[in-house]
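I have a new chain open on my screen today. These are my notes on what I looked up, entry by entry.

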Amino acid sequence: MLAALTAAESPDDLEVAEQLLKMGDVNARSRQAGQTALMLAVSHGRVAMVKLLLSCGADVNAQDREGSTALMCACEHGHTHITRLLLETGQCDMSLTDKNGQTALTVAEEASHEDILQLLKSCEKSTPEPL
């Protein structure tokens with residue numbers, strides 16, 4: 001989990017982090033708040049690590065003890081590029097709510113991150129309705 005917080009930018013750094021992730025459980029949760037490595041990397045704006053975690057099968061819809069997801073974290077912290085990366089997986093469930101009943105969309109609205117709000121709305125429109 002701590003590897004997710006490193007500023008791994010060089011290919012060597014990323015290779016070491018990848019080996020650690022492959023040897024462990026990429027979706028392990030912290031004891032304190034139930035966060036995953038992906039949530040930690042997202043919260044700290046670690047783009048390279050987010051990409052690596054996604055490539056190693058990190059669960060984008062995992063929720064911590066407060067019900068927050070990685071997408072909600074990206075929306076709260078204003079990480080537009082990471083929000084886009086998460087949405088591009090095609091796996092984000094934008095209907096998930098936290099313990100306060102907020103979705104990623106309402107988190108972005110509350111944090112006044114207009115660029116992320118527009119990104120979420122455009123993604124919402126492009127998602128086909130279930131039959």
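**Ground rules.** I call a residue buried if its relative accessible area is under 20%, exposed if it is over 50%, and partly exposed in between (1.4 Å probe, protein chains only). The model is predicted, so local features need pLDDT of at least 70 and side-chain atom pairs count only at pLDDT 80 or more, while totals for chains, interfaces and linings use all residues. Residues are numbered from 1 along each chain as its sequence is written, and side-chain values use heavy atoms, with hydrogens and water left out.

**Entry 1: Thr80.** Is Thr80 buried or exposed? I found a relative accessible area of 17%, so Thr80 counts as buried. Thr80 sits in helix H5, which covers residues 80-88. (Helices are DSSP runs of H or I with at least four residues, strands are runs of E with at least two, and both are numbered from the N terminus.) Next I looked up its contacts, meaning heavy atoms within 4.5 Å. Not counting residues up to four places away in sequence, Thr80 touches Asp115, Ile116 and Leu119.

**Entry 2: the whole chain.** I stepped back and got seven helices and zero strands. From the N terminus on, the order reads α-α-α-α-α-α-α. Of the 131 residues, 40% count as buried. I also looked at contacts between residues at least 6 apart in sequence: 71% of them join residues at least 24 apart.

**Entry 3: H5 and H3.** Back to H5, where the buried residues are Thr80, Ile82, Thr83, Leu85, Leu86 and Leu87. After H5 comes Gly90, with a positive phi near 75°. How do H3 and H5 pack? Helix H3 (residues 47-55) and H5 meet at an angle of about 10°, and their axes are 10 Å apart. The axes are lines fitted to C-alpha atoms, for helices over the stretch in contact, and the angles run from 0 to 180 degrees between N-to-C directions. On the H3 side I noted Val47, Val50, Lys51 and Leu54, which meet His81, Ile82, Leu85 and Leu86 of H5.

**Entry 4: Val50.** I picked out Val50, which lies in H3. Val50 counts as buried because its relative accessibility is 0%. Leaving aside neighbours within four places in sequence, Val50 is in contact with Leu38, Ala41, Val42, Ile82, Leu85 and Leu86. Val50 and Leu86 are 36 residues apart along the chain, yet their C-alpha atoms are separated by 8.6 Å.

**Entry 5: the core.** A nonpolar core here is a set of buried Ala, Val, Leu, Ile, Met, Phe, Trp, Tyr and Cys residues joined through side-chain atoms within 4.5 Å. Which members of the largest one touch the most other members? Out of 36 residues, they are Leu38, Val42, Leu53, Leu71, Leu86 and Leu120. H4 gives the most to this core, with six residues. I followed up Leu38: beyond its neighbours within four places in sequence, its contacts include Val50, Leu53, Ala58, Ala70 and Leu86.

**Entry 6: Ser112.** Ser112 has a positive phi of about 60° although it is not a glycine. I located Ser112 in the loop between helix H6 (104-110) and helix H7 (114-126). Ser112 counts as exposed because its relative accessibility is 55%.
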